[in-house]
Amino acid sequence: MQCESQITKNSINLANYTQDRDTERDKRSEVYMGSHSDDSSAASFVKNPTIKFTKLFINGEFVDSVSGKTFETIDPRTEEVTARIAEGDKEDVELAVKAARQAFDHGPWPRLPGYERGRIMMKFANLLEENVEELAALETIDCGKLFSVAKNMDIPGAASLLRYYAGAADKVHGEVLKMSRELHGYTLLEPIGVVGHIIPWNVPTSLFFMKVSPTLAAGCTMVVKPAELTPLSALYLAHLAKLAGIPDGVLNVVTGFGPTAGAAISSHMDIDAVSFTGSTEVGRKVMQAAAASNLKVVSLELGGKSPLIIFDDANVDMAAELAIMGILFNKGEVCVASSRVYVQEGIYDEVVKKLVEKAKAWVVGDPFDPKAQQGPQVDLKQFERILSYIEQGKREGATLLTGGKPIARKGYYIEPTIFADVKEEMLIAQDEIFGPVLALAKFKTIEEAIKRANSTRYGLAAGIVTNDLNVANTVSRSIRAGTIWINCYFALDYDCPFGGYKMSGFGKDFGMDALHKYLQVKSVVTPLYNTPWL
């Protein structure tokens, strides 16, 4: 979801705002982190889990990489090494694909009745809930996610999603066709084969199951590559899959880096489909590799720069709450974050005032602290990237209303940041920053709002806040995005297809659309002789 930008072409000297980082963080810590800013207080919230799984999971076993190499995973709260993880490469992907191919061509999983696959998936979901505390803690130390959100939303939501597709596993049906001549025809929906899944780092468990659940229901086998920044939960989930009774070779996890393990998956001749969530730049590479190899089926969920349009007749309190949650939830590391907010001129000043108040009151702190609303960014690279965009926004003339600085002495924490007077040509309005940075602008007419909302290369989602049904209908049909939320935001549901327009990719997650990505249609035709009717 994060994408590289032309900002990398600019020579931005981070020293200007990082040289006094410790001093500035100390001054800000009391405001943003309350009594939990010092090391001793923060330590009281630490619930570090024991890291049980650090090796690749291939053919039902945890194994070292062929090369024996490992890489570090870093705790973004402390900037310290959490564990060393096996570094998978092309040779390891080859072994995983062989296991998945054997499991698909000769194993029981594709041949089980859908009900039996569903029953095993239900057990998998139960195991998620039984291990919710440990899984949530792994998410927190791996990507800085709030422990409370992981425990109460992400893990239970993943279990529910798994159950949704478990219920769909025995409802895969073809059609009987009404042919135009003396033929009897019908279609079969068959599993597509071996699937490669490449998963990002912002919501690891949620996205793991967004991809794995429908693939399992369809009867496919798979190789999963989690992001190198967040490998811990995927390996733990592989362990739970084994406990649930998923046969060896059906679910394989290869940890490693995109240019090596990810590229090997995208270009492998024996992988039948690849699903990728990540940057538009890498999405292109996945497509190129798929085309240059075996023309495998590709599904991409890529970047976003989603607009939230607030009209004069909106409830100001509700609009401000949607806007602030839309950008600050999960520290802005969300593909559909409402990073561009357009407010009609009649209520602009009132909305801006409320947004600034909410941002200043937002609690940034240790993600294990139940009072915290925002944890650290995922790693140093993303931390510095966000700060670079903030500096770029200042140079381009946007008005910084609040935030814009790092906080705390340790960890990758950034203040909630709001810019006003943002013009469409500014990089902070065009590029996916993937952080707690909001770009505000004022508009006069519906036509202007639609034009500005569409002035992006992305088309993942958008929000509309209005009490006028005609306005809602007109704008929702005019914005080129895959999901439109009216008087709500982040309203995702298992039954509602999710995916992008334009350079936000193609292919849908959620709903039966996701299941059908991993099925292929076979037509079967036989002649009819002496039939009384067609």
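At what angle do helix H5 and H8 pack, and how far apart are their axes? In this predicted model, H5 (residues 114–130) and H8 meet at about 155°, with the axes 9 Å apart. Since angles over 145 degrees count as roughly antiparallel, H5 is therefore roughly antiparallel to H8. The crossing of the two is right-handed. On the H5 side the contact involves Arg117, Met121, Phe124 and Leu128, which meet Phe209, Ser213, Leu216, Ala217 and Ala218 of H8. Sorted by class, that makes seven nonpolar residues, one polar and one charged.

H8 (residues 204–218) also packs against helix H9 (residues 232–244), here at an angle of about 50° and again with axes 9 Å apart. H8 and H9 are therefore oblique to each other, and H8 passes H9 in a right-handed crossing. Pro204, Thr205, Phe208 and Phe209 are what H8 brings to this contact, while H9 supplies Ser233, Ala234 and Leu237.

Turning to the strands, S3 (residues 70–75) and S4 (residues 80–86) pair in the antiparallel sense, with six bridges between them. Within this pairing, Phe71 sits opposite Ile85 of S4. The hairpin has four residues between its strands, and Glu79 takes a positive phi there, near 65°.

A further piece of strand structure is an open sheet of three strands, ordered S5-S6-S24 and paired antiparallel. Its edges are S5 (176–177) and S24 (519–527), each of which pairs on one side only. S6 (residues 183–191) is joined to S24 by nine bridges, and the two run antiparallel. Thr187 stands across from Ser523 of S24. As for side chains, in a regular strand they alternate between the two faces of the sheet.

Finally, the aromatics: a search of the whole structure turns up 17 aromatic pairs. One of them, Phe329 with Phe490, is tilted, at 5.6 Å centre to centre and 50° between the planes. Phe329 lies in the loop between helix H12 (316–328) and strand S13 (340–344), and Phe490 in the loop between strand S21 (483–486) and strand S22 (501–502), so this pair ties together parts that are 161 residues apart in sequence.

Conventions: Residues are numbered from 1 along each chain as its sequence is written. This is a predicted model: local features need pLDDT of at least 70, side-chain atom pairs count only at pLDDT 80 or more; totals for chains, interfaces and linings use all residues. Side-chain values use heavy atoms; hydrogens and water are left out. Two strands pair if DSSP finds at least two bridges between them. Axes are lines fitted to C-alpha atoms, for helices over the stretch in contact, and angles run from 0 to 180 degrees between N-to-C directions. Angles under 35 degrees count as roughly parallel, over 145 as roughly antiparallel, 65 to 115 as roughly perpendicular and the rest as oblique. A crossing is left-handed if the near helix is turned anticlockwise from the far one by less than a right angle, and right-handed if clockwise. Contact means heavy atoms within 4.5 Å. Rings of Phe, Tyr and Trp (its six-membered ring) pair if their centres lie within 6.5 Å; planes under 30 degrees apart count as stacked, over 60 as edge-to-face and the rest as tilted. Ala, Val, Leu, Ile, Met, Phe, Trp, Tyr, Cys and Pro count as nonpolar, Asp, Glu, Lys and Arg as charged, and the others, Gly among them, as polar.
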